[in-house]
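Biologist: I would like to learn how to read helix packing and ligand contacts. Could you walk me through an example?

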Amino acid sequence: MSASPVMAQPAPSDQAGAPVVLTARGLGRDFHGFTAVSNVDLDVRHAQIHALIGPNGAGKTTVFNLLTKFLQPTRGQIELLGTDITRMKPEAVARMGLVRSFQISAVFPNLTVLENVRVALQRPDNLATQFWLPMGVLDRLNDHADSFIDRLGLAEYRDTRAGDLSYGRKRVLEIATTLALDPKVLLLDEPMAGMGQEDVQMVAAIIRDVARERAVLMVEHNLSVVADICDHVTVLQRGEILAQGDYDTVAADPRVRTAYMGTED
Amino acid sequence: MAHPTSGPAAGPQIREIRSAGTIRMAIPLVALAAALIAPFWFYPIFVMKFLCFALFAAAFNLLLGYTGLLSFGHAAFFGGGAYFTAHVVKIWGLTPELGLIVGTLGAAALGLVIGAIALRRSGIYFTMITLALAQMFYFFCLQAPFTHGEDGLQLGPRGHLFGVIDLGQAMNLYYFVLAVVLIGMFVIWRFVNSPFGMILRSIRDNEQRAISLGYSVQAYKLGAFVMSAALSGLAGGLKALVFQLATLTDVAWQMSGEVVLMTLIGGIGTQAGPVVGSGVFIALQNNLATSDFPVTIIMGVVFMVCVLVFRRGIVGNSLPRASGGRLG
Ligand SMILES: Nc1ncnc2c1ncn2[C@@H]1O[C@H](COP(=O)(O)OP(=O)(O)OP(=O)(O)O)[C@@H](O)[C@H]1O
Ligand SMILES: [Mg+2]
């Protein structure tokens with residue numbers, strides 16, 4: 001992949017291997033004079049799971065909002081699959097294949113589980129703008145939607161209103177909906193928060209599975225999951241990158257131990 | 001004492017579901033039958049007024065109930081439709097059905113402009129901008145010569161439908177109005193129960209999530225806004241044909257308030273809610289018009305009772321949670 005002039009500088013912890021699909025350089029965002037994110041360089045690679053960790057308020061969700069263009073960066077550039085997306089709209093970025101989940105579970109509460117997943121499929125399958133057709137035409141998407149519902153163990157809740165699901169099930173549904181879009185780059189903000197142990201194992205396995213053909217960037221507080229499935233870890237503290245590398249390197253870094261784990265044993 | 005049962009081994013729950021389904025099927029048929037014979041029981045003009053407002057409230061509910069947008073400027077579309085229809089019927093000599101088409105398209109165009117501006121903001125700001133723009137349209141109507149200001153635009157004889165059927169005949173007029181309202185209701189029903197309607201519901205439920213799935217939510221909202229404006233214009237045009245009059249009352253902000261009340265009283269996000277709400281509203285208005293008591297106060301009290309007692313409106317509360325009043 002040829003680097004554009006904007007992205008000429010490689011990230012400090014550049015590692016050889018899979019191609020970079022999502023790049024940020026000098027990313028920063030201020031809120032009324034308060035710097036929430038500053039000088040963040042990231043390289044997210046195809047077929048790798050990249051963890052973004054850090055204490056509460058470090059700016060992880062803000063980085064996600066910047067990368068997906070839900071927030072406009074104050075400084076810096078973002079490049080997705082060779083295209084500069086720094087000035088693009090969030091829905092356009094999503095259509096290019098960068099799809100996110102939300103820290104606070106984001107489902108459509110008044111739609112059923114099946115309808116939730118189908119909403120994701122409607123746009124790519126060109127069944128979103130027809131206001132003259134009956135709803136029944138959406139049944140064409142059922143088989144495809146069911147494959148995601150089954151894969152995430154939601155089959156028995158297929159016709160349940162999403163708002164009536166338990167918190168953990170809502171998170172699982174959100175992942176099913178996100179995967180239904182077949183994103184090229186998947187951004188997951190604490191996907192396993194609030195899930196039971198069984199679901200954590202299931203979702204970890206699914207993430208590892210889907211990451212074989214796409215890039216995953218995830219915020220995760222569960223460090224054993226991070227150690228288990230993540231290829232690369234970036235530690236954020238007070239909006240700045242504190243350390244990058246594989247899990248063992250990062251975990252051994254004394255600054256990380258002080259900042260993130262709160263101890264210096 | 002043994003009760004004979006209707007079906008063999010049909011459990012009480014199954015029978016309940018079946019009868020609920022039958023009732024849901026039966027209600028529209030009963031309503032249709034009632035509408036067909038209503039002019040023999042009530043003043044046709046009263047029933048037609050109700051029909052016009054039922055369509056107006058249903059068009060408004062398309063936006064509030066199914067898209068989650070509260071407009072406080074719908075009088076512009078209702079009144080605009082009334083003026084456009086009345087003008088082309090009176091001055092251009094168009095037939096009533098063509099007049100309605102012009103009223104509908106005119107209101108749609110107005111909706112496109114107002115919607116495109118107001119949708120730049122959300123929440124209460126959106127509502128305030130719709131009110132402000134509708135007020136601008138009101139003052140335009142107040143000043144423009146074609147509206148005849150305070151006198152209103154008065155229509156002559158009602159004319160002939162397709163140049164053939166004399167709408168001067170009360171019954172002809174009534175069934176024409178009923179047919180137009182039923183068509184309008186069908187369009188709304190199809191619209192909210194379409195692939196597009198599903199995306200609108202998802203936007204109503206969680207706009208950020210819809211964006212993250214790649215939907216240009218502004219375009220979808222604008223589509224719903226224009227459709228709602230167009231059908232409000234149809235209702236307004238119909239009202240002008242029925243009363244042979246388009247006036248400033250139709251474009252005044254009170255009209256925007258009334259349609260909000262009707263829809264909330266009946267229950268938002270249901271098909272029947274706006275119809276029931278406008279029925280209650282028109283009946284109250286008619287009965288109170290002859291009393292000395294200020295109508296607005298009674299309406300206010302009725303509204304408060306409805307909102308406090310039936311939180312999801314009359315219709316929303318009488319349906320099980322899954323099948324209606326989904327906005328609760
Ligand atoms: N829209 C906003 N306006 C003002 N300040 C904000 C906004 N969004 C985030 N912040 C601030 O930016 C900082 C980083 O917040 P952020 O949500 O990105 O942290 P986080 O790392 O995701 O934390 P957590 O682990 O709790 O989710 C916080 O101090 C937060 O208060
Ligand atoms: Mg966060």
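Modeller: Let us begin with two helices in chain B. Pro44(B), Val47(B), Met48(B), Leu51(B), Cys52(B), Ala54(B), Leu55(B), Ala58(B), Ala59(B), Leu62(B) and Tyr66(B) of H2(B) touch a set of H6(B) residues that includes Leu173(B), Tyr174(B), Val177(B) and Leu178(B). Contact means heavy atoms within 4.5 Å. Helices (H or I, at least four residues) are DSSP runs, numbered from the N terminus. Ala, Val, Leu, Ile, Met, Phe, Trp, Tyr, Cys and Pro count as nonpolar, Asp, Glu, Lys and Arg as charged, and the others, Gly among them, as polar.

This is a predicted model, where local features need pLDDT of at least 70, side-chain atom pairs count only at pLDDT 80 or more, and totals for chains, interfaces and linings use all residues. Residues are numbered from 1 along each chain as its sequence is written, chains are lettered from A and ligands numbered from 1 in the order in which they are written, and side-chain values use heavy atoms, leaving out hydrogens and water.

Biologist: At what angle do the axes of H2(B) and H6(B) cross?

Modeller: Axes are lines fitted to C-alpha atoms, for helices over the stretch in contact, and angles run from 0 to 180 degrees between N-to-C directions. Here, helix H2 (residues 44-67) and helix H6 (residues 170-192) of chain B cross at roughly 10°, and their axes come within 10 Å. H2(B) is therefore roughly parallel to H6(B). Angles under 35 degrees count as roughly parallel, over 145 as roughly antiparallel, 65 to 115 as roughly perpendicular and the rest as oblique.

Biologist: Which way do H3(B) and H9(B) cross, left-handed or right-handed?

Modeller: A crossing is left-handed if the near helix is turned anticlockwise from the far one by less than a right angle, and right-handed if clockwise. The crossing of H3(B) and H9(B) is right-handed. Their axes come within 6 Å at roughly 50°, so H3(B) is oblique to H9(B). Their contact has 10 nonpolar, 6 polar and 1 charged residues.

Biologist: And how many residues surround ligand 1?

Modeller: A residue counts as near if one of its heavy atoms lies within 4 Å. Ligand 1 is surrounded by 13 residues, the closest being Gly57(A), Lys60(A), Thr61(A), Thr62(A) and Gln103(A). For polar backbone atoms, an oxygen atom of ligand 1 lies 2.9 Å from Gly59(A) and one lies 2.8 Å from Lys60(A).

Note on methods
A polar contact is a pair of N or O atoms within 3.5 Å; within protein, one must be able to donate a hydrogen and the other to accept it, and residues adjacent in sequence count only if both atoms are side-chain atoms.
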